Amino acid sequence: MNAPSPVSDLRNTFQRGTTRPIQWRREQLLGLRRLLRDNEVALTTALHQDLRKSATEALLTEIGVVITEIDHTLTHLRRWLRPRRVRIPIKLHPARATVVREPLGVVLVIAPWNYPLQLVLGPLVGALAAGNTVVLRPSELAPATSRILAELVPRYLDRRAVRVVEGGVEATTSLLGERFDHIFFTGSGRVGRIVLEAAAANLTPVTLELGGKSPVWVDETADLTVAARRIAWGKFVNAGQTCVAPDYVLTTPRARPAVEAALREAITELFGHDPRHSPDYARIVSADHLARLTKFLDDGAVAAGGQVDEHARYFAPTVLTDVDPTSAVMQQEIFGPILPIVEVADVDAAVDFVNDRDKPLALYVFTGSAPVRRRFQRHTSSGAVICGTALLHLAVPELPFGGVGPSGMGAYHGERSIATFSHDKAVLDKPLRPDLTRLIEPPYNRFGRWLVRLLSTMPSTTSHLAATQRWAAPTRKVRDDRQ
């Protein structure tokens with residue numbers, strides 16, 4: 001028999017107003033912080049069991065990221081939640097207009113297996129700070145992390161407001177049949193479409209954090225030693241199982257040999273001559289994923305790595321060259337430790353290459369040329385453009401994190417998380433005296449018709465009038481120049 005759904009209980013908690021006081025929200029965030037601090041060893045052990053992550057990598061990419069998000073939110077929460085006054089058009093005075101952020105209700109967070117701690121607790125920070133109740137759905141492919149979360153969350157957070165639901169596909173399918181006020185999903189585009197279709201039945205808004213193929217541009221003007229090390233770290237951390245990992249490198253035929261050599265040296269510097277024995281190199285999550293990755297080795301020439309150990313779920317940090325852009329490794333998100341290098345004629349060809357494909361979640365640029373950096377920033381579309389490093393934009397709480405098009409829908413981190421998990425409610429307060437609106441109510445006489453026409457065509461504010469005048473002058477000047 002299926003366990004009863006927690007959604008109704010969480011909705012009752014929300015409707016009683018339990019989660020609305022800012023003090024309650026702060027207590028939950030502090031409780032979440034204590035959960036991470038008190039249980040660091042247990043959490044890093046679980047992550048090692050699931051993905052063989054080192055404790056240092058777990059602290060850097062999972063625990064530390066969430067603590068930074070909590071601390072940033074605690075610092076700014078009162079300001080973010082403060083009602084915001086907005087201007088009233090002159091013709092509507094006297095009145096007062098305010099935007100009030102209110103929580104949505106019951107939120108579902110569905111997390112993936114690759115960062116099974118960060119990607120379930122990161123969205124939770126925003127959902128709690130915004131005053132919602134939350135169902136957490138950790139990934140069954142990271143069972144040790146799922147178990148420790150199910151054990152710890154009720155001990156540190158309000159059980160009336162936060163529930164962990166474990167299980168496989170059936171558990172997720174059952175949850176998607178419930179009515180939520182927001183669904184936050186991180187995972188593949190294929191499953192994202194399933195989530196979006198299920199949400200449509202209840203007109204539930206959805207945030208989709210997906211992925212795709214995040215390109216890297218490297219040219220000969222970059223410091224290739226530093227660039228290769230940063231690319232290799234961004235690519236091979238967590239054995240490449242990162243949604244914003246560099247997916248492939250674009251470079252010129254002239255730069256390609258040096259880039260290839262620098263990447264080989266960087267891999268050795270980071271993980272030693274045999275990464276199999278490195279305590280800092282993770283493993284592939286499952287045999288199925290390992291088999292999928294192994295097939296990609298046929299799509300190019302192995303310039304580094306390529307070793308596979310099925311028993312240990314080990315896949316060496318690998319660089320591929322002579323890659324056909326139409327091959328499978330260039331059509332599918334790799335999500336593993338394989339880095340293809342693709343030659344293009346120049347930066348213009350690289351921009352065209354990126355724009356001819358789905359919009360990526362991240363785009364990385366390594367160059368010593370400021371015009372080249374601006375070229376990618378202005379003439380491509382992606383969730384983010386990062387110059388000179390990889391992955392570190394996730395550690396900046398004030399930068400929104402999210403995709404565009406097939407790489408995602410919506411964003412979070414920092415204040416954007418509050419906006420994602422809140423409704424901006426419009427509030428207008430107009431006094432009953434003086435009753436000036438009577439002048440524009442029917443029946444319309446001659447004066448009323450004149451007044452309506454006047455109010456309908458006059459500028460809303462004095463600042464709008466000034467802006468109109470500022471824009472009008474250049475327009476006339478251009479016309480005169482053409483004459």
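Start by selecting helix H9 (residues 224-236) and helix H10 (residues 256-271), which pack at an angle of about 60° with their axes 8 Å apart. Helices here are DSSP runs of H or I with at least four residues, strands are runs of E with at least two, and both are numbered from the N terminus. Axes are lines fitted to C-alpha atoms, for helices over the stretch in contact, and angles run from 0 to 180 degrees between N-to-C directions. The angle makes H9 oblique to H10; under 35 degrees counts as roughly parallel, over 145 as roughly antiparallel, 65 to 115 as roughly perpendicular and the rest as oblique. The crossing of H9 and H10 is right-handed, meaning that the near helix is turned clockwise from the far one by less than a right angle.

This is a predicted model, in which local features need pLDDT of at least 70, side-chain atom pairs count only at pLDDT 80 or more, and totals for chains, interfaces and linings use all residues. Residues are numbered from 1 along each chain as its sequence is written, and side-chain values use heavy atoms, with hydrogens and water left out.

Now show the side chains between the two helices. On the H9 side, the contact (heavy atoms within 4.5 Å) includes Leu224, Trp233 and Phe236. Among their counterparts in H10 are Val259, Leu263 and Phe271. The contact of H9 with H10 divides into 14 nonpolar, no polar and two charged residues. Ala, Val, Leu, Ile, Met, Phe, Trp, Tyr, Cys and Pro count as nonpolar, Asp, Glu, Lys and Arg as charged, and the others, Gly among them, as polar.

Next, select helix H2 (residues 22-38) together with H4. Their axes come within 10 Å and cross at roughly 165°, so H2 and H4 are roughly antiparallel to each other. The crossing of H2 and H4 is left-handed, with the near helix turned anticlockwise from the far one by less than a right angle. Residues in this contact include Leu29 and Leu36 of H2, and Ile63 and Leu77 of H4. By class, the contact has 12 nonpolar, two polar and six charged residues.

Move to Arg52, in the loop between helix H3 (40-51) and helix H4 (55-81). Its phi is near 55°, a positive value in a residue other than glycine.

Compare Asp322, in the loop between strand S13 (318-321) and helix H12 (328-331). Asp322 also has a positive phi of about 55° although it is not a glycine, and at 65% relative accessibility it counts as exposed.

Then select S1, S2 and S18, which form an open sheet in that order with antiparallel pairing. Two strands pair if DSSP finds at least two bridges between them. S1 and S18 are the edge strands, each pairing on one side only. S2 and S18 pair over eight bridges, and Pro103 stands opposite Ser422 in S18.

Finish with two cis peptide bonds. One runs from His93 to Pro94, with omega near -5°, and Pro94 lies in the loop between strand S1 (84-86) and strand S2 (96-103). Another joins Arg433 and Pro434, with omega about 0°; Pro434 is in the loop between strand S18 (422-429) and helix H16 (446-457).

Note on methods
Buried < 20%, exposed > 50% of the residue type's maximum accessible area, 1.4 Å probe, protein only.
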